[in-house]
Amino acid sequence: MIRIYNTLSQQKEEFQPIEPGKVRMYVCGMTVYDYCHLGHARVLVAFDVITRYLRHSGYDVQYVRNITDIDDKILRRADENGEVYSDLTKRMIKAMHEDEAKLGVLSPTEEPCATEYINDIVAMIHKLVSGGHAYAADNGDVYFSVESYSDYGKLSKKKLEDLVAGARVDVQEAKRSPADFVLWKAAKEGEVSWPSPWGDGRPGWHIECSAMSNRCLGETFDIHGGGPDLLFPHHENEIAQSECANGHTFVNTWMHAGAIRVNKEKMSKSLGNFFTIREIFEKYAPEVVRYFLVSSHYRSQVDYSEENLAEAGRTLTRLYHALRGLVPAKNVAETEHDQRFAEAMNDDFNTAGAIAVLHAVANEINLDRREGRDEKANQQAAVLVRLGGILGLLQQDPEAYFQADTGGELSADDIEAMIQARSDARKQKDFAEADRIRDELADKGIILDDSREGTSWRRG
């Protein structure tokens, strides 16, 4: 039985999907005005692993991850760039797909864009206005009336009276209460807009997810996830507007990934410690970045640093070293390692515990090889590859992993030529030249491994 920590109840609960054998899950995706950063990678990888494990466990998973393609930030950035907003969003969506593919993130079942669901958004707002939960203000905007929903704050544990008391003095006069939030924004001159009963405009951010999840997954579904910064107000507002519109529970289980910190400080552009996924890929292989993210529990805070990324690279390399030169056996039955792996993942997707199992298998492989048990080593290799695959790891050929071009000075052909020159020098007993070549390669991050079969190499 899988147990999941539910942010709503603040405890682990046995997961019981609404429809036996089927999971309907929605995760808030990107607002596509810029390249994805490390915080996005955290969410992408976390829910990719969750989806992979649920499917491995036999569930039919309908995974919906939306794209916000209309937003103040998008319009502002497009204006700064002097381009049409849709051209910006298309570029950023393409870039996002490229980044997630490198990270080994599988495509969601559906990836709805907000601009494709304007009719659904307008219909839900109309339902809220008709039910007395929303109102059209004098400025042309439509607001949700938070006071109309008695359970407001049940996810974040915030009290409405505290939110109202702590509101800024210069709150918009158009709102009836400072806690109310916008559902429909009246169009400004020259802005992209769509028609509605309240005039031309565009949707507010919160209503987009409620309308898209309602259309794709139904009025009530199993899991809703996202980053830690979305819990309030975004997810709180989603609950309020969805339950007022539909009259019943919106989501059964709420899941939130942990925050990213950089050298123990919050990641932010103002602090100058903000990294896009692409910038990180310039220094580290994508699978190393994925391993770094997966090696921590999805709810835990992750501290990004050069040292931590380098350590992730070293530990992933040890796993690939265990597989190097082996031919994983076919049709290997489940072992106690599979059981221990499942125990970890069934406990709120404890990937840190699952990673520990991978290293235990690798240790056994290394022992088998040292003691000449080649057949058993190949069987254990199959287990390591199988379990690694559930986490989206260890699916490359080991040699391809070790020799991957990460933008260093030397290409694979350059390295092979230098290895051949070293071999020739050794045959001629010019050991000083052979050592010089080895040292030159080492200085450029290329590590040589000599054996009876010859010399292999890897990037350090």
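Which residue lies over the face of Phe232, and at what distance from the ring centre? Lys158 does, at 5.1 Å from the ring centre, where a charge sits over a ring if NZ of Lys or CZ of Arg is within 6 Å of the ring centre and within 35 degrees of the ring normal. This is a predicted model, in which local features need pLDDT of at least 70 and side-chain atom pairs count only at pLDDT 80 or more, while totals for chains, interfaces and linings use all residues. Residues are numbered from 1 along each chain as its sequence is written, and side-chain values use heavy atoms, with hydrogens and water left out.

**Overall architecture**

- The protein chain contains 16 helices and 15 strands, taken as DSSP runs numbered from the N terminus (helices are H or I, at least four residues; strands are E, at least two).
- Of its 460 residues, 49% count as buried, which is to say under 20% relative accessible area, with exposed meaning over 50% and partly exposed in between (1.4 Å probe, protein chains only).
- The C-alpha trace spans about 90 × 50 × 35 Å along its principal axes.

**Nonpolar cores**

- The largest nonpolar core has 128 residues, among which Phe341, Phe349 and Leu391 touch the most other members; such a core is a set of buried Ala, Val, Leu, Ile, Met, Phe, Trp, Tyr and Cys residues joined through side-chain atoms within 4.5 Å.
- Helix H1 (residues 38–56) gives the most to this core, contributing eleven residues.
- A second, separate core comprises nine residues, including Leu410, Ile419, Leu448 and Trp457.

**Aromatic pairs and charges over rings**

- The structure holds 13 aromatic pairs, counted where the rings of Phe, Tyr and Trp (its six-membered ring) have centres within 6.5 Å, with planes under 30 degrees apart called stacked, over 60 edge-to-face and the rest tilted.
- The ring centres of Tyr53 and Phe349 are 6.3 Å apart and their planes stand at 85 degrees, so this pair is edge-to-face.
- Because Tyr53 lies in helix H1 and Phe349 in the loop between helix H11 (336–346) and helix H12 (351–370), the pair ties together parts that are 296 residues apart in sequence; both Tyr53 and Phe349 are buried.
- Tyr26, Phe221, Phe250 and Trp254 are linked into a cluster by ring pairs.
- The charged end of Arg176 sits over the ring of Tyr135, 4.0 Å from its centre.

**A three-stranded sheet**

- Three strands form an open sheet of mixed pairing in the order S12-S11-S13, two strands being paired if DSSP finds at least two bridges between them.
- Strand S12 (265–266) and strand S13 (302–304) stand at the edges with a single partner strand each, so one side of each is left without a neighbour in the sheet.
- Strand S11 (residues 260–262) and S13 pair in the parallel sense over three bridges, and the bridge partner of Ile260 in S13 is Val302.

**Two buried residues**

- Arg324, in the loop between helix H10 (306–323) and H11, is buried with a relative accessible area of 10%.
- The side chain of Arg324 makes a polar contact with that of Glu399 at 2.6 Å; a polar contact is a pair of N or O atoms within 3.5 Å, where, within protein, one must be able to donate a hydrogen and the other to accept it, and residues adjacent in sequence count only if both atoms are side-chain atoms.
- Met124, found in helix H4 (residues 118–130), counts as buried at 7% relative accessibility, and its C-alpha atom is separated by 6.7 Å from that of Ala211, 87 residues apart along the chain.
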